[in-house]
Amino acid sequence: MNILRPNSPHLPIYKPQLTSTFSISHRISGAFLATIVLFFYLLCLKIGLICFTYENFYQFFFYSSKLILISAEITALALSYHLYNGVRHLLTGFLFRRKRLK
């Protein structure tokens with residue numbers, strides 16, 4: 001008898017929960033921020049740190065197009081979400097641990 005059933009439960013079986021959604025989005029925002037940091041590190045290696053002292057570099061980088069401004073806003077949003085979600089995770093872990101110890 002060959003029944004085609006999965007050996008373990010998979011994601012479509014469960015309803016999305018708030019905590020799992022926060023966890024997944026926290027990991028996605030962390031990966032996005034790590035990619036941005038790596039990009040700027042490679043940019044600094046390529047052009048050197050001397051370019052950051054020139055005013056023309058800032059004018060080109062921040063005022064050249066709307067796409068750069070939108071990407072900077074998305075990065076700031078990801079950074080703030082990742083920071084606040086990390087603090088929330090630490091606080092809830094601390095509060096639940098104190099509850100279990102009592």
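How many aromatic pairs does the count come to by the ring-centre rule? The count comes to one aromatic pair, where rings of Phe, Tyr and Trp (its six-membered ring) pair if their centres lie within 6.5 Å, and planes under 30 degrees apart count as stacked, over 60 as edge-to-face and the rest as tilted. This is a predicted model, in which local features need pLDDT of at least 70 and side-chain atom pairs count only at pLDDT 80 or more, while totals for chains, interfaces and linings use all residues. Residues are numbered from 1 along each chain as its sequence is written, and side-chain values use heavy atoms, with hydrogens and water left out.

**Aromatic pair**
- The ring centres of phenylalanine 39 and phenylalanine 40 lie 5.4 Å apart with their planes at 70°, so the pair is edge-to-face.
- Phenylalanine 39 is partly exposed at 48% relative accessibility, and phenylalanine 40 is also partly exposed, at 32% (buried means under 20% relative accessible area, exposed over 50%, partly exposed in between, with a 1.4 Å probe and protein chains only).

**Leucine 38**
- Leucine 38 belongs to helix 1, residues 18-47 (helices are DSSP runs of H or I with at least four residues, numbered from the N terminus), and is partly exposed, with a relative accessible area of 49%.

**Asparagine 85**
- Asparagine 85, in helix 3 (residues 66-101), counts as buried at 7% relative accessibility.
- Leaving aside neighbours within four places in sequence, asparagine 85 is in contact (heavy atoms within 4.5 Å) with Phe22 and His26.

Note on methods:
Helix = DSSP H or I, 4+ residues; strand = E, 2+ residues; numbered from the N terminus.
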